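Please look through the sequence and the model shown here before reading on.

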Protein chains: 2
Amino acid sequence: MKQILNKIVQQVVKAQRFLVCSHESPDGDAIGSTLGLTLGLQRLGKEVVAYNVDGVPEILKFLPGSQSLVTELRADAAFDVIFVLDAGDLSRAACRPAEQGTMLINLDHHPGSNFGHLCYLDTSAAATAVLVYRLLCACGLKLDLEVATALYTGLLSDTGSFRYANSNPEAFRVAAELVGLGINTWTIASALYESQPRERMQLLAQVLPTLYVAPSGQYASVFMTLDMLEKAGAAPEHTDGFVNYPRAISGVEVAVFFRQVDASTIKVGFRSRGNIDVGQLSKNLGGGGHKNAAGAFVEGSLDQVAPRVYHLLEALLK
Amino acid sequence: MKQILNKIVQQVVKAQRFLVCSHESPDGDAIGSTLGLTLGLQRLGKEVVAYNVDGVPEILKFLPGSQSLVTELRADAAFDVIFVLDAGDLSRAACRPAEQGTMLINLDHHPGSNFGHLCYLDTSAAATAVLVYRLLCACGLKLDLEVATALYTGLLSDTGSFRYANSNPEAFRVAAELVGLGINTWTIASALYESQPRERMQLLAQVLPTLYVAPSGQYASVFMTLDMLEKAGAAPEHTDGFVNYPRAISGVEVAVFFRQVDASTIKVGFRSRGNIDVGQLSKNLGGGGHKNAAGAFVEGSLDQVAPRVYHLLEALLK
């Protein structure tokens with residue numbers, strides 16, 4: 001691992017023109033890592049283009065350097081090194097294939113990520129921002145507040161505000177270093193967690209009263225209709241995280257979010273705790289996902305789909 | 001500061017019978033500090049009674065040692081040292097006055113806390129759990145997973161999951177040490193943040209549809225009536241944190257939660273961002289609090305109180 005890092009440092013030292021990119025639909029770690037590395041390389045005197053096919057999400061536009069990130073590359077742009085960060089798979093980065101003579105470097109913490117001329121993969125890292133931190137330190141860069149802000153945002157985002165089990169000692173040690181450079185943790189946390197569009201809250205205000213808790217208390221659900229969406233002036237992506245409300249109830253082992261997609265289709269999203277496997281349940285419904293987070297598009301009205309799902313859950317939880 | 005800590009260590013070394021207590025209506029830091037210090041002193045071979053007038057809140061009962069905490073003290077119990085933690089003021093600890101010969105030691109991070117024969121006050125500490133951590137380390141104790149779990153819970157709770165501005169480098173360094181002892185951060189975070197009583201969620205489902213966002217977008221409110229409380233089978237303390245929902249809307253500078261207390265009284269809770277001073281506003285309404293978090297009991301019905309508050313907010317935010 002250390003050897004790969006050293007090889008990457010050598011590439012950084014000798015190269016001049018860099019492209020830094022990450023995956024489509026970027027989250028806080030994708031953008032935080034991209035901007036942190038971009039700013040860091042610039043401090044080292046390099047020419048750097050930060051790129052993301054989907055640009056910087058609204059809530060991350062407070063990040064230093066975010067206004068310089070481009071969503072299109074000039075046809076004649078040439079790079080010595082392309083960094084692909086946090087992408088899991090090269091296709092998700094939607095960046096051009098590396099040309100002859102261009103070094104492709106992959107920094108990632110997702111299991112199975114194995115592309116690139118140099119691949120620095122460490123699944124024990126809480127965030128790709130931690131890998132960028134290691135790299136910039138190995139390059140001898142003295143980090144400043146702007147770089148720290150970008151990297152801290154990646155770390156905060158991928159650890160779920162230091163709640164997820166990936167919040168390991170290194171994550172906290174890196175946070176201590178970054179915060180020591182002058183970060184106001186509340187400023188970043190409130191940008192990430194306390195700046196919701198009004199439409200989202202107005203949608204949640206309609207969705208939450210649909211809360212259903214099963215008599216056993218083992219599962220709970222909420223639903224959203226297209227009417228609610230229209231009334232709130234909201235978009236389907238505003239429902240991200242709504243399934244966390246039934247999930248947060250004590251005793252609930254499976255949480256379900258029913259989202260009406262059109263007159264005859266319901267998107268059913270599942271979250272489960274511990275060993276309850278909702279991935280298989282979703283597959284049986286024609287969908288997919290993991291053990292604790294999965295979903296499926298199911299034909300029918302809510303009145304048809306919900307009882308069917310509840311029936312399957314009763315069997316699963318028996 | 002170091003000198004006081006050393007004096008406290010001397011007391012710990014020479015004393016045998018300890019009482020450890022904290023403030024009424026204890027939060028995660030009060031209980032986490034109490035149990036962390038209790039377990040730590042026991043590891044040092046001391047006899048320790050952990051006490052809190054209100055006992056351990058339901059969501060903190062997962063903590064090691066919580067079942068041994070008592071809510072009443074035997075009339076003939078005698079102690080060499082009484083530790084009062086995180087209390088701000090001695091009266092809030094509701095523990096008996098120290099008898100002749102009993103050493104009263106105050107560990108706190110609240111400004112102005114200055115009682116006790118020995119007072120170890122450090123307002124730069126993110127949590128009282130950090131002060132207990134310093135003390136136990138100064139006593140030469142090698143911390144174990146149980147002590148770490150209690151202290152980490154205090155730290156997580158008082159930093160708002162490392163979001164608040166008090167999340168300083170020391171908070172992260174202490175977290176790194178504690179997590180290194182084997183803590184699963186998700187287990188603790190989900191106990192604190194994902195184990196809500198069903199009644200609370202059912203109450204929130206009624207409160208959230210009352211969301212009002214001012215035309216300017218600068219302030220927003222929700223309200224709770226006694227009818228809602230009854231319908232949800234909930235208690236007033238279940239409304240803790242409800243003011244965070246209007247606060248989380250982008251652009252909102254002041255969030256208000258109106259809670260009906262009885263037929264003719266409304267509790268008005270305020271949260272503000274940045275330099276907006278709701279403390280003074282609350283004082284004008286006969287209440288109190290700080291610049292960014294304050295509240296008042298106001299006579300009248302909701303229909304009377306809300307317009308009055310909105311009027312004051314319009315003036316404040318102009």
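How many residues of chain A are in contact with residues of chain B? In this predicted model, 38 residues of chain A are in contact with 38 residues of chain B. On the side of chain A that touches chain B, at least two residues each are supplied by α5 (169-179), α6 (185-193), α7 (198-207) and α9 (244-247) of chain A. The residues of that side of chain A divide by kind as the table shows.

| Kind of residue, side of chain A that touches chain B | Number |
|---|---|
| nonpolar | 22 residues |
| polar | eleven residues |

Taken as a whole, chain A contains eleven helices and eleven strands, and its C-alpha trace spans about 65 × 40 × 40 Å along the principal axes. The radius of gyration of chain A is 22 Å, which agrees with the value near 20 Å that a compact globule of 318 residues would have. Of the 318 residues in chain A, 45% are buried, and among the contacts in chain A with a separation of 6 or more, 63% are accounted for by residues 24 or more positions apart.

The largest nonpolar core has 116 residues, of which Phe83(A), Leu155(A), Phe83(B) and Leu155(B) touch the most other members. Leaving aside residues up to four places away in sequence, Phe83(A) touches Phe18(A), Leu19(A), Val20(A), Leu37(A), Ile105(A) and Leu107(A).

How values were computed:
Residues are numbered from 1 along each chain as its sequence is written. Chains are lettered from A and ligands numbered from 1 in the order in which they are written. This is a predicted model: local features need pLDDT of at least 70, side-chain atom pairs count only at pLDDT 80 or more; totals for chains, interfaces and linings use all residues. A nonpolar core is a set of buried Ala, Val, Leu, Ile, Met, Phe, Trp, Tyr and Cys residues joined through C-beta atoms within 7 Å. A residue is buried if 20 or more other C-beta atoms lie within 10 Å of its own, exposed if 12 or fewer, and partly exposed in between; C-beta atoms are placed from the backbone. Two residues are in contact if their C-beta atoms, placed from the backbone, lie within 7 Å. Helices (H or I, at least four residues) and strands (E, at least two) are DSSP runs, numbered from the N terminus. Ala, Val, Leu, Ile, Met, Phe, Trp, Tyr, Cys and Pro count as nonpolar, Asp, Glu, Lys and Arg as charged, and the others, Gly among them, as polar. The radius of gyration is taken over C-alpha atoms; the globule rule is 2.2 Å times the number of residues to the power 0.38.
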